[in-house]
Amino acid sequence: MKAPRKFFEPLAIGAPAPMRDLPARLERMIHFVPPHNEKVRAKAGELAGQVDVVLGNLEDAIPIEAKVAAREGFVAMVKATDFGSTGVWARVNALNSPWFLDDMTTLVGAIGDRLDVIMLPKVEGPWDVHFIDQYLAQLEARHGVRRPIMVHAILETAEGVKNVADIARASPRMHGMSLGPADLAASRAMKTTRVGGGHPDYRVLADARAPGEQRASAQQDLWHYTIARMVDACAANGIKPFYGPFGDFSDPEACESQFRNAFLLGCVGAWTLHPSQIAIAKKVFSPDPAEVAFARRILAAMPDGSGAVMIDGKMQDDATWKQARVIVDLARQVAAKDPDFARVYGF
């Protein structure tokens with residue numbers, strides 16, 4: 001294990017020093033774009049004003065014959081677009097793919113100072129993070145990149161979930177993690193072809209009370225266990241947890257439900273693969289105005305967080321003060337980016 005004093009040293013001569021804290025950025029939705037598509041690239045400026053993160057997808061969903069075009073298209077899109085406060089991410093191809101090295105050398109060499117996060121697929125353990133950490137430091141030093149590019153891991157194998165805590169603390173370059181339900185389902189041999197969301201056959205059944213009586217039944221969440229493990233690992237190490245993709249674009253209600261479950265468990269955002277999901281993510285991952293108003297009442301009644309008070313017949317103490325602080329801090333972040341929410345929240 002690396003000595004604590006060595007943890008924040010640059011891994012290459014001339015590389016920028018690792019960050020000690022994550023940038024305070026709003027990242028309610030990571031919006032995926034296929035950069036080999038010229039029509040999509042042409043709308044990048046417009047898209048930047050609608051989402052918190054624009055991600056150039058170079059991996060899954062990009063045909064093999066379009067891999068080079070996607071890589072070059074993403075570089076061209078970033079160079080031609082003013083993204084303002086919107087994050088610029090790239091999902092590179094997996095470490096064991098024939099495209100990974102060219103993805104990294106091209107992106108860092110051409111747009112390293114504009115690239116906020118590299119999303120790394122199929123991370124199985126801290127060794128994967130250590131490799132990209134060292135490699136990024138070498139590339140940053142070679143190309144004079146002035147701030148470190150962060151790394152975001154996708155949990156999409158059983159091995160990765162098993163090692164989730166070690167992945168979360170593998171490097172100061174770690175930004176966060178996302179659940180990758182489709183590949184994870186295949187890795188676990190789960191019997192579903194859905195991309196995220198529930199399954200009608202995964203349910204609990206109430207005990208039988210009388211012969212022939214209709215028994216109550218409720219569908220369960222296939223991903224609750226994994227999301228909870230990911231959230232704990234991220235929270236314990238000061239990085240961000242995200243829900244991944246929801247593949248059924250024709251069912252916005254189910255998408256909103258899955259996003260909300262993840263939000264309530266502690267996720268800060270989700271992937272949006274279709275424009276229709278942007279508004280859903282914006283709504284879900286921005287705190288409810290009524291919750292914000294009540295949280296502000298708690299903070300006003302307990303300015304220093306000590307003691308206990310009664311508000312609307314409910315006891316509030318140090319623990320609820322901390323919960324209120326989380327909600328109000330998030331609301332302020334949202335309000336700073338979104339004038340509509342600023343008006344609703346009263347900031």
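Predicted model: local features only at pLDDT ≥ 70, side-chain atom pairs only at ≥ 80, totals over all residues.
Local features need pLDDT of at least 70, side-chain atom pairs count only at pLDDT 80 or more, and totals for chains, interfaces and linings use all residues. Residues are numbered from 1 along each chain as its sequence is written, and side-chain values use heavy atoms, with hydrogens and water left out.

The whole structure holds 11 aromatic pairs. Rings of Phe, Tyr and Trp (its six-membered ring) pair if their centres lie within 6.5 Å; planes under 30 degrees apart are stacked, over 60 edge-to-face and the rest tilted. Two of the pairs are tabulated.

| Pair | Centre to centre | Angle between planes | Class |
|---|---|---|---|
| Phe 7 and Phe 8 | 5.2 Å | 90° | edge-to-face |
| Phe 341 and Tyr 345 | 5.6 Å | 35° | tilted |

Phe 341 and Tyr 345 are about one helical turn apart because they are four residues apart in helix α14 (residues 339-345). Both Phe 341 and Tyr 345 are buried, where buried means under 20% relative accessible area, exposed over 50% and partly exposed in between (1.4 Å probe, protein chains only). Phe 7 is partly exposed at 26%, and Phe 8 is partly exposed at 24%. Elsewhere, ring pairs join Tyr 243, Phe 259, Phe 263 and Phe 285 in a cluster.

A charge sits over a ring if NZ of Lys or CZ of Arg is within 6 Å of the ring centre and within 35 degrees of the ring normal. Arg 20 lies over the face of Phe 8, 4.4 Å from the ring centre; the charged end of Lys 67 is 4.9 Å from the centre of the Trp 99 ring.

Thr 192 is buried, with a relative accessible area of 16%. Thr 192 touches Ala 185 and His 199 (heavy atoms within 4.5 Å), not counting residues up to four places away in sequence.

Technical notes
Helix = DSSP H or I, 4+ residues; strand = E, 2+ residues; numbered from the N terminus.
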